[in-house]
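Me: I'm new to this structure and would like to learn how to read it. Could you walk me through a few features?

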Amino acid sequence: MILFLRLLFAHLLADFLFQPTAWVIDKNERKIRSVKLFYHIVVVTVLSTLFTLDYFSWRIPVFIFVFHYLIDLIKIYFKPSISTNLSWFLFDQFLHLLLIFWISALLDESVQAVSCEIWGKLSNPDVFIYVIAYFLIVWPSMVVVNLATKEWQKQIAESGETNLSNGGKWIGVLERLLVLTFVLGGQFQAIGFLIAAKSILRISVKSEENARIMSEYVLVGTLISFTIAVFVGIGTRAILQL
């Protein structure tokens, strides 16, 4: 397991601390012709080799160099033009994490044991019940909240109020994730703190009428969101007999 942790630490250092913004810009602009991309791969490889403390194994530097390079090329060539795309950043890091885990599993028996344990847990029905519960409160619930508040959305748009793009959607997803986690953990009082925290929301408005419409819209959306998350959480606890 220590090999996995060492490689992960080397990856974090190389990707976030020793990769200047100028290198990232150069990679995105010059793609496979970027010298800075080559520098970055060399840094990742050198750090990974140094941290493993195994300087006679050829597999770690070769695998890290080749596959890290391929993953970065995939991201550079296939990601949308928007450089701040969060989904692609998370996907890229997920691939790097898988690579590190695969290399560690090849060389470290303890990582192989962890891998077998993970596969064993994935065969447990309880895991799928948790996954389905979280899936429900993210995507299907997003559709329900959106449809339920459609009329108020039109009213707010007609009043001339503007919001952050997708800001409400992400706030709703995050609050439902928190509420479901609190319910599954039996921390019902924490939901009260979450509601109290949201009550300090300040809305910039142009008139009192707009303030009332926006406040009611936020309140209705929040209550629908919380209600869905609480009922999904209670249902999940009942199924799992928690």
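Predicted model: local features only at pLDDT ≥ 70, side-chain atom pairs only at ≥ 80, totals over all residues.

Me: Is lysine 27 buried or exposed?

Reply: Residues are numbered from 1 along each chain as its sequence is written, and side-chain values use heavy atoms, leaving out hydrogens and water. Buried means under 20% relative accessible area, exposed over 50%, and partly exposed in between (1.4 Å probe, protein chains only). Lysine 27 has a relative accessible area of 4%, so it is buried.

Me: Which residue does lysine 27 meet in a salt bridge?

Reply: A salt bridge is a side-chain nitrogen of Lys or Arg within 4 Å of a carboxyl oxygen of Asp or Glu. Here, the side chain of lysine 27 pairs with that of aspartate 72, at 3.6 Å from N to O. Lysine 27 sits in helix 2 (residues 21-30) and aspartate 72 in helix 4 (residues 59-78), 45 residues apart. Helices are DSSP runs (H or I, at least four residues), numbered from the N terminus. Aspartate 72 is buried too, at 2% relative accessibility.

Me: How many salt bridges does the structure hold?

Reply: There are two. Aspartate 92 also forms one with lysine 75, with the closest N and O atoms 3.6 Å apart. Because aspartate 92 lies in helix 5 (residues 86-107) and lysine 75 in helix 4, this pair ties together parts 17 residues apart in sequence. Both aspartate 92 and lysine 75 are buried.

Conventions:
Helix = DSSP H or I, 4+ residues; strand = E, 2+ residues; numbered from the N terminus.
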